Amino acid sequence: MKLLLVEDDALLAESLLALLRDHGHRVEHLPRGDAALARLADHEHGIDLVLLDLNLPGAGGLEVLEALRRHDSETPVLVLTARGAVEDRVRGLDLGADDYLAKPFALDELEARVRALLRRHARATRLTLGPLEFDATTLGFTIDGAPFPLPPREQRLLACLLRHAGEPVEKARLAEEAFGGEPLGDNAIEVYVHRLRKRLPAERLALRTVRGLGYLLETGP
C-alpha cells in the first residue's frame, strides 16, 4: 500500500517511517501542511491511506483534511493529535477523518489502526485482472487462487501495473509509484519488467511495451 505521512516532528516521523516500511508499506513523508495540500489536490493522488498530524507548519491538518474531502471521500485518514485536544479530534471526525490516535502512542497500536483502516476500505485493497489477484492488506498475489510469490521489488512493480491495468504506464511513473523515489539503476525497471514477463503465465497475462508510452499489463496473449 502507498501511505502518506504528514508529520513535522522529525524524530517521530523517522520512527513511523521505519515501522511502516518494515511492515511492507511504501510511505511518502511530508513535513508541511501546504505541501500535503498540493500533494493531495490531484484527484489521482494514488495514496491508499493518510496519516495526518494536525499541528503543521504551512497549513493545519484540519485544513488539509477539509480540502481532501471536497473531492475524495474514500481515502482513509488517520489523524494524529495531542492527547488533550478533544475539540480537534471531534472537528477532525466531523470533517471526515476515519480514526484518530492521541500522542504519545505505542507504535504497535498505530500499526494495528493502519491495518484496521486498510481492511475496512476493502474497495482499495483487492485488485484483480483475469486470473491474477492482489490483496494489498497482506501484500500477496495469487493466480487462480494459488499463491504467486515474487521478490519484493517485482511485487511492488506488479502491484503498480495492476492498479493501472489496461493503460500504459510510463517508466518514470512506475519508478515513483512503485519505489517511492528510492535510488534505482538506469535499467532497473527494464530488468524487473523482463523478470516479470518470464514469471507471468504468457497464455493468460501479457506485460507489453508500448513504444513511447510505457508498459501495459492486460489479459493476454
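In this predicted model, the lining of the largest pocket is made up of four nonpolar, six polar and 14 charged residues. The lining comprises 24 residues, and those lying nearest the centre of the pocket are Glu44, His45, Gly46, Ile47 and Asp48. Two elements, strand 2 (26–30) and helix 7 (171–179), each give two or more residues to this lining, and helix 7 supplies the largest share, with three residues. The space in this largest pocket comes to about 660 Å³.

We can turn next to a pair of helices. Helix 6, which covers residues 152–163, and helix 8, which covers residues 188–199, have axes that come within 10 Å and cross at roughly 85°. Because angles from 65 to 115 degrees count as roughly perpendicular, helix 6 and helix 8 are described as roughly perpendicular to each other. On the side of helix 6, the residues that meet helix 8 are Arg153, Glu154, Leu157, Leu158 and Leu161, while helix 8 brings Ile189, Tyr192, Val193, Arg195, Leu196 and Arg199 to the contact. Of the residues in this contact of helix 6 with helix 8, seven are nonpolar and four are charged, with no polar ones.

Four strands form an open sheet in the order 6-7-8-9, and their pairing is antiparallel. Strand 6 (126–129) and strand 9 (146–147) each have a single partner strand and stand at the edges, so one side of each has no neighbour in the sheet. Strand 7 (residues 132–135) and strand 8 (residues 140–143) run antiparallel and are joined by four bridges; Glu133, for example, has Thr142 in strand 8 as its bridge partner.

Terms used: Residues numbered from 1 in each chain as written. Predicted model: local features only at pLDDT ≥ 70, side-chain atom pairs only at ≥ 80, totals over all residues. Heavy atoms only, no water. 1 Å grid on protein atoms, 1.4 Å probe; cavity = no way out; pocket = protein on both sides within 12 Å on 5 of 7 lines; lining within 4 Å. Points joined across faces, edges and corners; volume = space filled by probe spheres on them. Nonpolar A, V, L, I, M, F, W, Y, C, P; charged D, E, K, R; others polar. Axes fitted to C-alpha atoms, helices over the stretch in contact; angles between N-to-C directions. Parallel < 35°, antiparallel > 145°, perpendicular 65-115°, else oblique. Contact = heavy atoms within 4.5 Å. Pairing = 2+ DSSP bridges.
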